[in-house]
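Take a walk through this chain, one part at a time. Keep the sequence and the 3D view side by side as you read.

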Amino acid sequence: MIEKVVLYLLNCTLFNAFFVYRTLNTNKKVKYKNFLHEVGRSWISEFRNRSEANSDDLQLPEKQTTPRRPKQDPPGRLSGNFRIHKLEKIAGVVEGKRRYPARQCIVCVANKKRSETRYFCKFCVVLLHIGSCFERYHSVTNY
Ligand SMILES: [Zn+2]
Ligand SMILES: [Zn+2]
């Protein structure tokens, strides 16, 4: 019985939403059935996006724990928009419980220095030191 009520209410809500949707899209001939289809699809993709985002917050699967350098530098690397570049601690490196070792900083490697970092730029997915390496990577073509 409760399920039926819930379904009924859900249907009402969707039907109302459909009317709003149709008013907004007057030039399109939308059928209720198609609309339901769309809603269903967006729900599914939203759910997927969310679960993907969540898995980012938690730990990545073993294989992807350490971010790998993409073959090419990300196009936004030198955009100068520092707001999109954020350093994050490598997942899996837990204080006191070092499950994964720190990795080589890409700028230091390019300059033949051996120096490890525990941070990476979330946007570029590149391992970097906080500070000069981070700035260098995002402002100099040949870092
Ligand atoms: Zn460095
Ligand atoms: Zn970056």
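Strand 1, helix 3, strand 6 and strand 7 are among the elements that cover the buried residues of helix 4. The model is a predicted one. Which residues of helix 4 are buried? They are Cys133, Phe134, Tyr137 and His138. These residues span an arc of only 120° around the axis, so they sit on the same side of helix 4. An α-helix has 3.6 residues a turn, so residues three or four places apart point the same way. The opposite face, turned away from the buried side of helix 4, carries the exposed residues Ser132 and Ser139.

The largest nonpolar core has 14 residues. Those that touch the most other members are Cys105, Ile106, Val107, Val126, Leu128, Cys133 and Tyr137. Helix 3 (106–110), strand 6, strand 7 and helix 4 (132–139) each give two or more residues to this core.

Leucine 128 lies in the loop between strand 7 and helix 4. Why does leucine 128 count as buried? There are 24 other C-beta atoms within 10 Å of leucine 128, and a residue is buried if that number is 20 or more. Leaving aside residues up to four places away in sequence, leucine 128 touches Leu87, Cys105, Ile106, Val107, Thr117, Tyr119, Phe120, Cys121, Cys133, Phe134 and Tyr137. Take threonine 117 from that list. Threonine 117 is eleven residues from leucine 128 in sequence, yet their C-alpha atoms are 6.3 Å apart.

Strands of a sheet pair through backbone hydrogen bonds, either parallel or antiparallel. Strand 1 and strand 6 (residues 119–121) run antiparallel and are joined by three bridges. Lysine 89 has tyrosine 119 in strand 6 as its bridge partner.

Lysine 112 is not a glycine, yet its phi is positive, at about 55°. Lysine 112 is found in the loop between helix 3 and strand 5 (116–117). Is lysine 112 buried or exposed? Lysine 112 is exposed, because 6 other C-beta atoms lie within 10 Å and the limit for exposed is 12 or fewer. Valine 125 also has a positive phi of about 55° without being a glycine. Valine 125 sits in the loop between strand 6 and strand 7. With 13 other C-beta atoms within 10 Å, valine 125 is partly exposed.

Helix 1 (residues 2–24) is another matter. Helix 1 has 23 residues. From first C-alpha to last, helix 1 reaches 33 Å, close to the 33 Å expected at 1.5 Å a residue. How many of the 23 residues of helix 1 are buried? The count is zero, and helix 1 is hardly covered.

Finally, step back to the whole chain. The chain has four helices and seven strands. Along the sequence, they follow the pattern α-α-β-β-β-β-α-β-β-β-α. Of the 143 residues in the chain, 13% are buried. Among contacts between residues at least 6 apart in sequence, 54% join residues at least 24 apart.

Technical notes: Residues numbered from 1 in each chain as written. Chains lettered and ligands numbered in written order. Predicted model: local features only at pLDDT ≥ 70, side-chain atom pairs only at ≥ 80, totals over all residues. Pairing = 2+ DSSP bridges. Expected span 1.5 Å × (residues − 1). Core = buried A, V, L, I, M, F, W, Y, C linked by C-beta atoms within 7 Å. Contact = placed C-beta atoms within 7 Å. Arc of directions from axis to C-beta.
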